[in-house]
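Hi,

Here is the structure I promised to pass on.

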Amino acid sequence: MRMIGMLAGVEAERLMLGGYGSGGAADFRNWLARAPQFMATDPDDVYFTSPTGLAEIELNRLTLNEVRKKHQDQARRILEANKPILEEIAAKLVEKNRLHGAELREILSRVVSVEGVPDFSRYLEWQRAHQKA
């Protein structure tokens with residue numbers, strides 16, 4: 001879920017603004033920085049942690065692109081299913097320019113699950129246990 005969440009900002013921009021804004025590049029960079037670690041533990045895709053030739057490098061590139069697109073699609077589906085919550089967050093950001101942990105977690109606790117996408121509530125429980133307000 002964390003990998004999907006890393007692309008949620010860029011997908012929220014697409015959904016709310018009709019395209020990708022300037023924050024999207026950082027979202028993609030952050031996702032790509034974590035992707036090799038994620039892929040090393042993913043049993044569903046072939047990924048070489050230490051590619052030894054051009055064919056393995058190319059396979060890694062193709063695999064990363066496919067997984068990134070899947071994560072973007074999952075983020076988009078969650079956001080579309082929870083558009084009123086996204087709109088509320090956007091309005092609060094316009095008003096306050098920032099949302100702090102407890103306030104954001106309260107809003108996100110209302111996110112509804114989407115079939116075929118990891119359950120967001122478990123991620124929020126993990127966040128609560130590991131981060132300060």
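Buried here means under 20% relative accessible area, exposed means over 50%, and partly exposed is in between (1.4 Å probe, protein chains only).

Before going on, a word on provenance. This is a predicted model, so local features need pLDDT of at least 70 and side-chain atom pairs count only at pLDDT 80 or more, while totals for chains, interfaces and linings use all residues. Residues are numbered from 1 along each chain as its sequence is written, and side-chain values use heavy atoms, with hydrogens and water left out.

**Overall picture**

The protein has seven helices and zero strands, and from the N terminus its elements read α-α-α-α-α-α-α. Helices (H or I, at least four residues) and strands (E, at least two) are DSSP runs, numbered from the N terminus. Of the 133 residues, 31% count as buried. Taking the contacts with a separation of 6 or more, 59% are between residues 24 or more positions apart; contact means heavy atoms within 4.5 Å.

Helix 4 covers residues 54–81, and at 1.5 Å a residue its 28 residues should span 40 Å; the end C-alpha atoms are 41 Å apart, which agrees.

The axes of helix 2 and helix 4 come within 9 Å and cross at roughly 55°. Axes are lines fitted to C-alpha atoms, for helices over the stretch in contact, and angles run from 0 to 180 degrees between N-to-C directions. The two helices are therefore oblique to each other; the classes are roughly parallel under 35 degrees, roughly antiparallel over 145, roughly perpendicular from 65 to 115, and oblique for the rest. Their crossing is right-handed, where right-handed means that the near helix is turned clockwise from the far one by less than a right angle, and left-handed means anticlockwise.

On the helix 2 side, the contact is made by Ala8, Glu11, Ala12, Arg14 and Leu15, and on the helix 4 side by Gln72, Ala75, Arg76, Leu79 and Glu80. By class, that contact has five nonpolar, one polar and four charged residues. For the classes, Ala, Val, Leu, Ile, Met, Phe, Trp, Tyr, Cys and Pro are nonpolar, Asp, Glu, Lys and Arg are charged, and the others, Gly among them, are polar.

**Helix 2 against helix 3**

Here the axes come within 8 Å and cross at roughly 150°, which makes helix 2 roughly antiparallel to helix 3. This crossing is left-handed. Gly9, Val10 and Glu13 of helix 2 meet Gly23, Gly24, Asp27 and Phe28 of helix 3, and the residues involved divide into two nonpolar, three polar and two charged.

Phe28 of helix 3 is partly exposed, with a relative accessible area of 27%. Leaving aside neighbours within four places in sequence, Phe28 is in contact with Leu7, Val10, Arg68 and Gln72. Phe28 and Val10 are 18 residues apart in sequence and 8.1 Å apart in space, C-alpha to C-alpha.

**Helix 5 against helix 6**

Helix 5 and helix 6 pack at an angle of about 160°, with their axes 10 Å apart, and that makes them roughly antiparallel. The crossing of helix 5 and helix 6 is right-handed. Ile85, Glu88, Ile89, Lys92 and Lys96 of helix 5 and Glu103, Leu104, Ile107 and Leu108 of helix 6 make the contact, with five nonpolar, no polar and four charged residues.

Ile107 is buried, with a relative accessible area of 1%. Leaving out neighbours within four places in sequence, Ile107 touches Ile85, Glu88, Ile89, Lys92 and Leu99.

One last item is the loop between helix 5 and helix 6 (101–108), where Asn97 sits. Asn97 has a phi near 70°, a positive value in a residue other than glycine, and it counts as exposed at 67% relative accessibility. Most residues other than glycine have a negative phi.

Cheers

Technical notes:
The expected span of a helix is 1.5 Å times one less than its number of residues.
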